[in-house]
Amino acid sequence: MSKVNRTPSGAGLNWLFTMAVRDGRASVSKLFLFMASIILGIAAVVAIQSFSDSLKANISSQSRALMGADYIIDSNHPPNEKVQGIIDSLGGAQGQEINFASMALFPKNGSTKLVRVRGLTDGFPFYGELETEPAGAAAQFRQGQAALVDATIMLQYGIQPGDSVKVGELIFPIAGAIKSMPGSSALSSTVAPPVVVPYRFIESTGLIQQGSRIDYEYYFVADPSLDLEKFSKKLDPVLDAEGADLDTHLEASRGLGRRYENFGRFLNLVAFIALLLGCVGIASSIHIYMKEKLAAVAVLKCLGASRRQTFLIFLIQIAFMGLAGGVIGTATGLLLQQYFPVLLKGFLPLAMEVHVSTRAALMGLVLGLVMSVLFALLPLLGTLYVSPLEVLRIQEGKRTASGKATLGVVLAIVILIFLFSLFLLDNWRFALGFVLAVVITFTALAGIAWLFMRGIKKYFPAHWGFCSRQSLLNLFRPRNQTMTMVLAIGVGTFLISTLYFTKDMLLSKAVISDTADSPNIILLDVQTDQQQEMAGAIRNRALPVLGNIPIVTMRVQAINGRTIAEIRKDTTSHVGRWVMNHEFRVTYRDTLIDSESIAEGEWIGRVSKSDTVPISVAENFARDARVKTGDLVAFNVQGVLMNTRIASIREVDWGRMQLNFSIVFPEGVLEKAPQFHVFTTKVPDEKSSAALQQVLVRQFPNVSIIDLRQMLTLVEGILDKISWVINFMAFFSIVTGVIVLIGAVRTSKYQRIRESVLLRTLGARGRQILTITALEYLFLGFLGSLAGILLSLAGSQLLAGFVFETAFVPSYVPFLVIFPAIALMVLLIGLGNSRSVLNSPPLEVLRKEVG
Amino acid sequence: MAKILNVRHLEKSYGSGSRQLKVLQDISFDVEEKETFAIVGPSGSGKTTLLGLCAGLDQPDSGTIELCGTDLGSLSEDGRALLRNQKVGFIFQDYQLLPTLTALENVSVPLELQGFRGAGKAALELLDKVGLSDRKDHYPSQLSGGEQQRVALARAFSNNPAILFADEPTGNLDETTGEKVVDLLFELNREAGTTLIIVSHDLELAAKTQRILRLKGGKILELERSPAL
């Protein structure tokens, strides 16, 4: 033996890495499977984060193009003297627009559609493009009396350039189709697509009438040196006081970004759940993995390795695996985000250039490393407590991580989840709620699995056949993976089912009542002198006039003796801005309607004469105006001051598809006030609806028609799109669940092989072994998916009661479709990964055992 | 000769259910440097427990163990590990090779723990000595029982230990292979001048050592010079 002098210097970090690699070599496929558990979750989170960053950057860089100008002054009534003075002092607006909702009639085939009419002056848009087909139409339509029509409705109604559109009293030849334009998103176009006409023809359409909801917009191109933030801060309050508003392109893009951000945050949460599920998979797999390594740890300690060294060897393995998972997950996520513009088509306000977000990429890498290490920490800590004595097979008593250490690790995991949710949601209450929801869901599923195993043990069906009994026994064999599998299956099922139930709930709120006296057609902006004619036109088509609702417009002048001007100046006031600025559309009647109930005070349906009129307000008005029953509110009813007292506060179901009001006056007060009307009727089918609309649009071009069934179809379509996107993200959880499942099955493979071989040695036939395996997975599949669906039912019931405030009638689909589908999938995965179990020759295995 | 192992009034119990089982009672003996020593006794006599305590793998309930001039009771777990790495070699009944390391890597580990740069070369020399240099890249699962024990022998001597503990070194081997391994063990031990302590129930093996400590029921039955001598 070499007698070279060796002065011990101790093994350094290099040796630890060397040992980590040496040991990891033999477990590459296992480690890869662990890694795969988190790849999808990281990919999903990175994809959404990177895409959100890209979207924000695009919105920000294209904010001028989105608005078409640097800033807008807008108002829903013609500017008063002061506002006009301000506009003039700014050098006059470079562009003007009047827009409002109205019915458009296409004479070619008589079809009608609710559209947003936009009357534009020359020059607009000053940034961005009015994209049309043919391209020249954008310039051409201004030259004569021509219109541009939204491309989708032209396609829908078979309209071509050259055909015409009737807006109010005027017929415009159609110059071209609008592909995109500033101020118009695909989502808003779904409800009321744009029809653009030259500004100078708006008056002639005859649509500017009493009660018309009209937006007056003044577009400005700012001097490059103008500080828009300061400018807005100075001017906006002044305009606010005059019932106008200032929006800069920066504010508009921030607001737009925030809206998408909220949706993105929700998607992030769904992606985060996939990641958490993957981490649970890692924790469970590493737990088994480390158990198999403990003997080696004892040997290393016997040879002289310290506790720190043996801990670090495996920590390095896990960290490397986590980092590798982070790299692959991040790369996958960055690729995946390229697909998002396609996925979110119809939601995006602009044509996007997707780029890689360094922030999101770094986040993916860090997440991979930190989550893997944290979730593997508990089993890793076990190495600290392995005694070298175990090499002599003396096991005084298994030592595991102390209670304190366990608690510390669990706390660290919960804190990490909270911090990351806080980062995603930017609101500590929501983050806390999410953490609680995750903890409850995972705990409940684990609890169900535990109860099931205990139940089986306690009430074991001894009278069942051998195969069934054996399969049940396998569920709680030592080192069983029942808990992990139930979690993996349960979380995925829970997510999908909850999305399903929630969509149902949202749709149920949008459902239209189908009784004989519940309307499905609403006719807006009927003038007082059109009432009789309108009623006649409806009855002529053998349709009932179900409602004639008077509408009076008014603004809040004072609250409890303080004028709006005084309230605006009071910086401590919490009165909502919309209460002060809004032109309220108020009605008067003597009864409540279906969607209302009195929450406080007394309903007064009629008064004869009163200096202070007792009114009823909706809860949202009371909350935002900071008023209660008995308080006084003065209204400016088109120049006439009216003093009122809040007699009652109503709970209003705004989700119901019918006309609801924030403010309701009693009868006997407003009958002589200038007003317009809303008529309602009920049509039996689509054909009748189309025929009625054609007649009414010709006869009353100023009246807007809303077919509630069409609106419902639109709402369903939007919800379908949204849920498709959410389902896509939830899909990551499902696939992660599948990977965790495969990992769990693989981890117990050798144990199963041994069992199978022993059984066959004892005389069991191949078909029996197959039946045992199949039944085991079927039980797991049933248990996991049923647990997920039941949990989802409970969660949805809570959502229905506390969030949506609606009755919850669960859909049958999760029970009849999701439940068996998931169980079947688990069975196929289990059997697919157990092939070698069923095919291993016994002698080979037994020989290995003797070694 | 100086004493390399000095055991005084050792006591050890293990918990079994709610009872305490006394495994060793008032054990005292010592071993001189370069001596070959056997601890024999029937199953349950406490010999493996005694080996574990003497090697610093566990701690006694009472009594003292001085190994290589160091009181094991005064060391922390990491301190004992360091001592083992520097002074102690092990051979186990079930070889206890690291399954994910090759034969060469297994032998190198004690040297690598010391930070020795030429660990691979020294390990290869040792593997050659035990006749397995051509199997250096094979994993334990690819070696027979006898081959694995020879690798374990090479590993045990790799850190030039002052003392080597062997727990039933031939327990899992057939007679022929066992004899070869024992011969190799004693040959390597002679060359290295290491103190050798063997735990075995094989009296023939024990007879090859200089002194034999007989245990029964956790107590010393007798300590005698080997009859073969």
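Here is a chat about the cavities and the chain A to chain B interface of a predicted model.

Biologist: Hi! Before we start, what kind of model is this?

Modeller: It's a predicted model.

Biologist: Thanks. How many cavities of 30 Å³ or more turn up in a search of the whole structure?

Modeller: The search finds six. The largest cavity holds about 170 Å³ of space.

Biologist: Nice. Which residues are closest to the centre of that largest cavity?

Modeller: Those are A:Phe51, A:Ser52, A:Leu55, A:Tyr260 and A:Gly264, out of 15 residues that line the largest cavity.

Biologist: And which elements give two or more residues to that lining?

Modeller: Two helices of chain A do: α2, spanning 28-61, and α9, spanning 249-303. The largest share is from α9(A), with six residues.

Biologist: How does the lining of the largest cavity split by class?

Modeller: There are ten nonpolar residues, three polar and two charged.

Biologist: OK, on to the second largest cavity. What is its volume?

Modeller: The second largest cavity comes out at about 110 Å³. Twelve residues line it, and A:Asn474, A:Arg752, A:Glu755, A:Ile772 and A:Thr773 are the closest to its centre.

Biologist: Where do the lining residues come from, in terms of elements?

Modeller: For the second largest cavity, the elements of chain A giving two or more residues are α15 (466-475), α23 (749-761) and α24 (766-804). By class, this lining divides into four nonpolar, four polar and four charged residues.

Biologist: Great, let's switch to the interface. How many residues of chain A and chain B are in contact?

Modeller: On chain A, 35 residues are in contact with 47 residues of chain B.

Biologist: How much area do the two chains bury between them?

Modeller: Chain A and chain B bury about 3600 Å², and carbon and sulfur atoms account for 58% of it.

Biologist: What is the count of salt bridges between chain A and chain B?

Modeller: Four. One salt bridge joins the side chains of A:Lys301 and B:Glu77, at 4.0 Å from N to O. The count of residue pairs in polar contact between chain A and chain B is twelve, with both residues at pLDDT 80 or more.

Biologist: Which elements of chain A give two or more residues to the side that touches chain B?

Modeller: They are α1 (13-25), α9 and α10 (307-336) of chain A. Here α9(A) gives the largest share, seven residues.

Note on methods:
Residues numbered from 1 in each chain as written. Chains lettered and ligands numbered in written order. Predicted model: local features only at pLDDT ≥ 70, side-chain atom pairs only at ≥ 80, totals over all residues. Heavy atoms only, no water. 1 Å grid on protein atoms, 1.4 Å probe; cavity = no way out; pocket = protein on both sides within 12 Å on 5 of 7 lines; lining within 4 Å. Points joined across faces, edges and corners; volume = space filled by probe spheres on them. Helix = DSSP H or I, 4+ residues; strand = E, 2+ residues; numbered from the N terminus. Nonpolar A, V, L, I, M, F, W, Y, C, P; charged D, E, K, R; others polar. Contact = heavy atoms within 4.5 Å. Buried area = accessible area lost by both parts, 1.4 Å probe. Polar contact = N/O pair within 3.5 Å; in protein donor to acceptor, adjacent residues only side chain to side chain.
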